[in-house]
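Work through the exercises below with the model open. Try each task before you read its solution.

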Amino acid sequence: MSDKERDNRNQDNLEAHPDGVAKSTHLDSMYENWFLDYASYVILERAVPDIRDGLKPVHRRILHAMKEMDDGRFNKVANIIGQTMKYHPHGDASIGDALVQLGQKELLVETQGNWGNTFTGDSAAAPRYIEARLSKFALEVVFNPKTTDWQLSYDGRNKEPVSLPVKFPLLLAQGVEGIAVGLASKVLPHNFIELIDASVAYLKNKPFEIYPDFAGGGLADFSRYNDGKRGGKVRVRAKITKQDKKTLLISDIPYGTNTSNLIDSIVAANDKGKIKIRQIEDNTSDKVEILIHLPNNVSPDQTIDALYAFTNCEVSISPNACVIENNKPRFIGVTEILKDSTDQTIALLKKELEIQKYELEEQWHFSSLEKIFIEQRIYRDIEEAETYESIIDVIDKGLQPFKKFLKRDVTRDDIIRLMEIRIKRISKYDSFKADEIIKSIEDDIADVAYKLEHLTDYAIEYFKRIKKKFGKGRERRTEIRNFENINASQVAVANVKLYVNRDEGFVGTSMRKDEFVTECSDIDDIIVFRRNGTYVITRVSEKSFVGKDIIHVDVFKRNDDRTIYNVVYLDGKSRVSYIKRFAVTGVQRDKEYDLSMGTPGTKVLYFSANPNGEAEIVKVRLRPKPRLRRLTFEASFSEYQIKGKQARGNTLSKHMVSSVKKKEDGISTLGAMNIWFDETVRRLNIDENGKYLGAFKGNDRLLGIMENGEYLNYGFDLTTHFDEDMVHLEKFNPDKIWTAIYFEGESGYYYVKRFALAETDKRISLITEHPDSRLVYLSGNQNPKARLIFDKEKGPKNRDDELIELNDFIAIKGYKAKGKRLSSYAVDDIKLIEPEEPEAEQQQEDLSESKDVQAEDNEKPDSQLDTKDNGLNQRTLFD
């Protein structure tokens, strides 16, 4: 601005304010008003969906534009964007991105061309190359101009819907995510079929629960979902299975991730040393397939846990359901959203029926008028009328005797419509056909009236109809699970080496010139024992001072009650030597503890760490002393009980001990480990959660039975991952005799065989390889019987059921044998009858005994794997 222009403006201000003081505006009030307007606009018009139709404005305008263009054929996305710009004032890029999002959800929009890949993260092709049209579901459920409220578009040239009359919980089916000013909305997608079932349950006043379902599948823990409200949390995991000992397969990925960033996170974890992998292959196309190849001597089970702990194979999602209701944002749970949507569906269905009833009544009214007008030859009376008004009066007078039979008054418009009837129609009028049409209309009116009287039942049938019509292929993809918490330090691979300088009291990973201790992870804790009887637990670091005279250092495993420390120490005050055994399960990090009584001058004379509770024999030498004849003796740690870490211990000798040395290695004094299987999280545990499997030690194995009739042996490590199709798990007994009844697909007959299982690390089938073969029963009962119920239509009609003692029917053979045919007649059904076994009644007593005395070789007997116990009854699973 020039000086002259500035002077002129100042002069104008002075003229406007003769007192010489220009009017001022406070910036804070301007900011407050303008910012509030902007925030309200973003919340209402951009980021947050409306509860009525579950759509953001851009999605609503896209669907409205596509409906205007709809002729059943695909339209170029570029044309759809151009049509939508008549209603949406924010440019083509935002419209194009929103349309791609709609298309990738595969519900409202049918697509053609390269629309990208949500699995790999690849973007869609340019709008000029791809096409779209409304789906049949959208045309049936989303649109109805008769029940739509309209408003002017942003420039006033066109009309657009205030909200679309959606008769379905669309917001929950599609999900939505948006960030506005001061708030955000995140509604997770739910399953199409489950939403319909929940709406039906709500209409029937039955309880219901709904949980998210993701297009990428995977596993999800909804225990803290909190109905989708703020503060909730959903944990989603990739589906990882073991192809073999050196290969892992990722077949589903977590919601919100793609294969690219998932692989990047795995590579990053490998580079940081959290996991060890040899190679990654990404074979994803229409299905996710990521192969992870492991190096030798790397546990696949530990690697799976490490992938969940350190990579995007597990992600945490925080839902935050926020919607627009009555032009205000409202935080609401998904249950309330479903109820509101269902209530709105009923209201829309009622409105449609009322409109339909009105239209039918109008149709009946005019059909009746037409019948009267033609049959009573009222049209002849207008021949003498000279003016337009006189014609209307004549017709109205002619209809007067019949008005009492009509359902409403005759209006001027009705008479005008009668005047417009052509002579040709009058001459060919069929009175009998007209009566049929009127009767049909009356039946339709009665049907609509019945639906209005039974509106809830009509709504239930409506939901069932769209479920049957559009529900195929929309089954749940995400498996609902309860996840165990993975301790990162337990699954992290050893990516650093630990060193110690015992004299100076330093430990760390950078002290390569000092004594090597062990390999560990950089997030591990270590436990350090000193000569004076103190110990401390601290985090692994490059170099840290932990105290001089170190006698033992190792990786510390919290809650490890099987690592037992055997100690002989000299009390500094009484000069008495004590012997003790103890475990350190949990302590506070960087806090100093005493294994002795903590008196000054205490000294550890002997120390050993035993990972499985071994109890060695030591030779004790006493200091010579007058009248002391015996200077050496042996002591076995097995004679002393394991006590708490703060216990004083037992007196070894009141005389001065010169030295204590190991004489002989001992054996473990700990009993076998009691293990349970928690079906909810499909993991082993020692916390008594789930089904008790037995007491395990040494080379004991587990036996897993698969849904398809295969079996596999597992180890009993608590980190073991089990196959998804495993339906039964128990302690493996190689001497146990099994009885299997199966349908042999090639011959079409039922077979039975008895066998013992051999230990294997590969899945082995117990039935023939024919695709129609299926396992019917598998029993570990030692005296099973089978009742055969014969097919009366295909076999002898009078043939009675047959009871077969299977032990006498067939001898024990190998598990690979085909077996013996049960009958040459057509069998309709088979019932397996099993007498109760005495061992099963002893199960609780065996468990109690195992807890008390840590008994070895304790087995839990197993009976038939039936539907009540584990779902292996194939009549239920495979028919």
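**Exercise 1. Find the residues with the most contacts inside the largest nonpolar core.**

Solution. Start with the term: a nonpolar core is a set of buried Ala, Val, Leu, Ile, Met, Phe, Trp, Tyr and Cys residues joined through side-chain atoms within 4.5 Å. Buried means under 20% relative accessible area, exposed over 50%, and partly exposed in between, with a 1.4 Å probe and protein chains only. The largest core holds 78 residues. Leu 63, Leu 108 and Phe 168 have the most contacts inside it. A second, separate core has 23 residues, including Leu 248 and Phe 483.

The model is predicted: local features need pLDDT of at least 70, side-chain atom pairs count only at pLDDT 80 or more, and totals for chains, interfaces and linings use all residues. Residues are numbered from 1 along each chain as its sequence is written, and side-chain values use heavy atoms, with hydrogens and water left out.

**Exercise 2. List what Phe 168 touches.**

Solution. Contact means heavy atoms within 4.5 Å. Skip residues up to four places away in sequence. That leaves Phe 137, Val 141, Ala 173, Phe 192, Ile 196, Ser 341, Thr 345 and Ile 466.

**Exercise 3. Give the strand order of the open sheet of 3 strands.**

Solution. Strands are DSSP runs of E, at least two residues; helices are runs of H or I, at least four; both are numbered from the N terminus. Two strands pair if DSSP finds at least two bridges between them. The order is S35-S34-S36, with antiparallel pairing. S35 (683–685) and S36 (691–696) are the edge strands, each pairing on one side only. S34 (residues 673–678) and S36 share 5 bridges. Ile 675 stands opposite Gly 694 in S36.

**Exercise 4. Describe how H12 packs against H13.**

Solution. Take the axes first: they are lines fitted to C-alpha atoms, for helices over the stretch in contact, and angles run from 0 to 180 degrees between N-to-C directions. H12 (residues 388–399) and H13 (residues 412–419) pack at about 100 degrees, with axes 10 Å apart. H12 is therefore roughly perpendicular to H13, a label for angles of 65 to 115 degrees. Among the contact residues are Ile 391 and Ile 395 of H12, and Ile 415 and Met 419 of H13.

**Exercise 5. Is Pro 145 buried or exposed?**

Solution. Locate Pro 145 in the loop between helix H6 (136–141) and strand S4 (149–152). Its relative accessible area is 57%, so Pro 145 is exposed. Pro 165 is 20 residues from Pro 145 in sequence and 8.5 Å from it in space, C-alpha to C-alpha.

How values were computed. Angles under 35 degrees count as roughly parallel, over 145 as roughly antiparallel, 65 to 115 as roughly perpendicular and the rest as oblique.
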